[in-house]
Amino acid sequence: FPAVGLVGILAADAALNMPDFRAAERTFALITQMVGRGGRDATITQAVIQSYQPQHPALRYGAQQNYQAFYDSELPLRRELQYPPFWRLVRIVVSGSNQSWVQRTATDCAERLQSIVETQYRGTLLGPAPAAITHLEARWRWHLVLKLPLSLQPGRVIDDALKDQLRLDGIHVAVDVDPVSML
């Protein structure tokens, strides 16, 4: 927008608390985009960013539009916490109309996966836990997240552990390899 001289971003850090490993990346992208909206002509543009966490790298480097600094701060965290691009993620969402059946099935899936993932594949299992959006379209939702080494084919892990769980009446088990969203 050529005539924009002031850009304001309210609660800029709200998205940082989303249950998704890409939350900082998405916050950085949003701030970078908003700050870049002004000043497309010769005028000087100011950006005012409201935040409770002004020193967070996504906010600080987004305001500076410093892609390299954000990348350099984010990559070591992802390596340490076993997130992409260093590890593969598999999200398993169990859903159904009966809340207790959904929880029981998610727990059964976790028990079946626990030993296989940690001993055979040297990965990590998170969950089961209620999904961030717990109730959607009259269905209860629980999920699990697998962190697996890049060399593995996730389909093999799922087939080994969950053959029987994928075909239960009234329960839907969705497997999302390399999920785009954790919601």
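**Stop one: the pocket**

Begin by selecting Phe 21, Ala 24, His 56, Glu 74 and Leu 77, which among the 13 residues lining the largest pocket lie nearest its centre. A pocket here is an open set of points on a 1 Å grid over the protein atoms alone, where a 1.4 Å probe fits, with protein on both sides within 12 Å along at least five of seven lines, and lining residues have an atom within 4 Å of a point. This is a predicted model, in which local features need pLDDT of at least 70 and side-chain atom pairs count only at pLDDT 80 or more, whereas totals for chains, interfaces and linings use all residues. Residues are numbered from 1 along each chain as its sequence is written, and side-chain values use heavy atoms, with hydrogens and water left out.

Now colour α1 (23–37) and α3 (67–80), each of which supplies at least two residues of that lining; the largest share, four residues, comes from α3. Helices are DSSP runs of H or I with at least four residues, strands are runs of E with at least two, and both are numbered from the N terminus.

**Stop two: the aromatic pairs**

Rings of Phe, Tyr and Trp (its six-membered ring) pair if their centres lie within 6.5 Å, and planes under 30 degrees apart count as stacked, over 60 as edge-to-face and the rest as tilted. Phe 21 lies in the loop between β1 (6–9) and α1 and Tyr 83 in the loop between α3 and β3, so the pair ties together parts 62 residues apart in sequence.

Next select Phe 28 and Tyr 67, whose ring centres are 5.5 Å apart and whose planes are at 80°, so this pair is edge-to-face. Phe 28 belongs to helix α1 and Tyr 67 to helix α3, 39 residues apart. Phe 28 is buried, with a relative accessible area of 6%, while Tyr 67 is exposed, at 54%; buried means under 20% relative accessible area, exposed over 50% and partly exposed in between, with a 1.4 Å probe and protein chains only.

**Stop three: helix α2**

Finally, move to helix α2 (residues 57–64) and pick out Ala 58, Leu 59, Tyr 61 and Gly 62, which are buried. What covers the buried residues of α2 includes α1 and α3. Just after α2, select Gln 65, which takes a positive phi of about 55°.

How values were computed
Contact = heavy atoms within 4.5 Å.
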